Amino acid sequence: MPPQENQVEFMEMAELFHRFGKRFGVWNSCPELRRSEWGALFCIFRSQDGENGVKTSQISTKMEVSPPALTPTLNQLEKKGLIKRIPSREDRRTVYLKVTPEGMEVCREQRKRLEKRFQELSGYLGEKDSEELIRLLGRILSYCEEREKEQVDGER
């Protein structure tokens with residue numbers, strides 16, 4: 001492919017990724033919460049296990065943010081009554097997070113909104129294009145994760 005065509009393809013891809021990122025952020029947002037709050041609440045909701053909930057460090061790792069960066073978001077969720085912090089009985093340094101009944105309701109409502117949006121998108125695209133989108137998004141994600149790993153390994 002001549003360099004000029006690559007440049008056009010790059011510009012189209014860059015523009016589409018930019019526009020998609022902005023739209024998806026709005027599309028995936030939860031009206032009751034800031035984007036970071038929704039991301040953390042949903043991560044806790046999906047990760048909590050049993051009576052103790054989930055360790056703060058596990059949420060930090062899954063969200064790929066440092067524990068200090070996560071703290072203000074957790075403070076807001078706790079202040080809004082959507083999560084509670086539970087200190088570990090075995091180790092004072094360990095804190096567990098658990099979604100409250102109010103937080104569960106927010107998650108259920110947002111899940112309904114997202115399901116509806118994805119059903120509408122799937123209907124718009126049709127079965128074949130929906131499957132292709134899932135396949136391509138999976139490949140893009142794998143590519144990004146491989147490049148990130150290579151960067152981390154290269155920095156060592």
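This report covers the nonpolar core, pockets, salt bridges and selected residues of a predicted model.

## Basis of the values

The model is predicted, and local features need pLDDT of at least 70, side-chain atom pairs count only at pLDDT 80 or more, and totals for chains, interfaces and linings use all residues. Residues are numbered from 1 along each chain as its sequence is written, and side-chain values use heavy atoms, with hydrogens and water left out.

Helices (H or I, at least four residues) and strands (E, at least two) are DSSP runs numbered from the N terminus. Buried stands for under 20% relative accessible area, exposed for over 50%, and partly exposed for values in between, with a 1.4 Å probe and protein chains only.

## Nonpolar core

A nonpolar core is a set of buried Ala, Val, Leu, Ile, Met, Phe, Trp, Tyr and Cys residues joined through side-chain atoms within 4.5 Å. The largest such core has 19 residues, and Leu 33, Leu 41, Ile 44 and Leu 77 are the members that touch the most others. Two or more residues come from each of α2 (35-47), α4 (67-79), β3 (95-99) and α5 (101-155). The top contributor is α2, with five residues.

For Leu 33, contacts (heavy atoms within 4.5 Å) are made with Trp 38, Leu 41, Leu 77, Lys 80, Leu 82 and Val 106, when residues up to four places away in sequence are not counted.

## Pockets

Rolling a probe the size of a water molecule over the atoms shows where empty space is left. The search uses a 1 Å grid over the protein atoms alone; a pocket is an open set of points where a 1.4 Å probe fits, with protein on both sides within 12 Å along at least five of seven lines, and lining residues have an atom within 4 Å of a point. Grid points are joined across faces, edges and corners, and a volume is the space filled by probe spheres set on the points. In the residue classes, Ala, Val, Leu, Ile, Met, Phe, Trp, Tyr, Cys and Pro are nonpolar, Asp, Glu, Lys and Arg are charged, and the others, Gly among them, are polar.

The largest pocket has a volume of about 1000 Å³. Its lining has 24 residues, with Phe 20, Leu 121, Leu 133, Leu 137 and Ile 140 nearest the centre. Both α1 (3-27) and α5 supply at least two lining residues, and α5 has the largest share, 15 residues. By class, this lining holds 17 nonpolar, two polar and five charged residues.

## Second pocket

At least two lining residues come from each of α1, α2 and α5, and α2 gives the most, with five. The lining of the second largest pocket comprises five nonpolar, five polar and three charged residues.

## Salt bridges

A salt bridge is a side-chain nitrogen of Lys or Arg within 4 Å of a carboxyl oxygen of Asp or Glu. The whole structure contains twelve of them. One joins Glu 32 and Arg 113, with the closest N and O atoms 3.2 Å apart. This pair links distant parts of the chain, 81 residues apart: Glu 32 is in the loop between α1 and α2, and Arg 113 is in helix α5. Glu 32 is partly exposed at 42% relative accessibility, and Arg 113 is also partly exposed, at 24%.

Glu 78 and Arg 85 form a salt bridge with an N to O distance of 2.6 Å. Glu 78 is partly exposed at 32%, as is Arg 85 at 27%. Another salt bridge pairs Asp 91 with Arg 93 at 3.1 Å, N to O. Here Asp 91 is partly exposed at 24%, whereas Arg 93 is exposed at 74%.

## Selected residues

Thr 94 lies in the loop between β2 (83-87) and β3. The residue is buried, with a relative accessible area of 15%. Leaving aside neighbours within four places in sequence, Thr 94 contacts Lys 55, Ile 86, Pro 87 and Ser 88.

Glu 9 is part of helix α1 and is partly exposed, at 40% relative accessible area. Between Glu 9 and Lys 116 there are 107 residues of sequence separation and a C-alpha to C-alpha distance of 32 Å.
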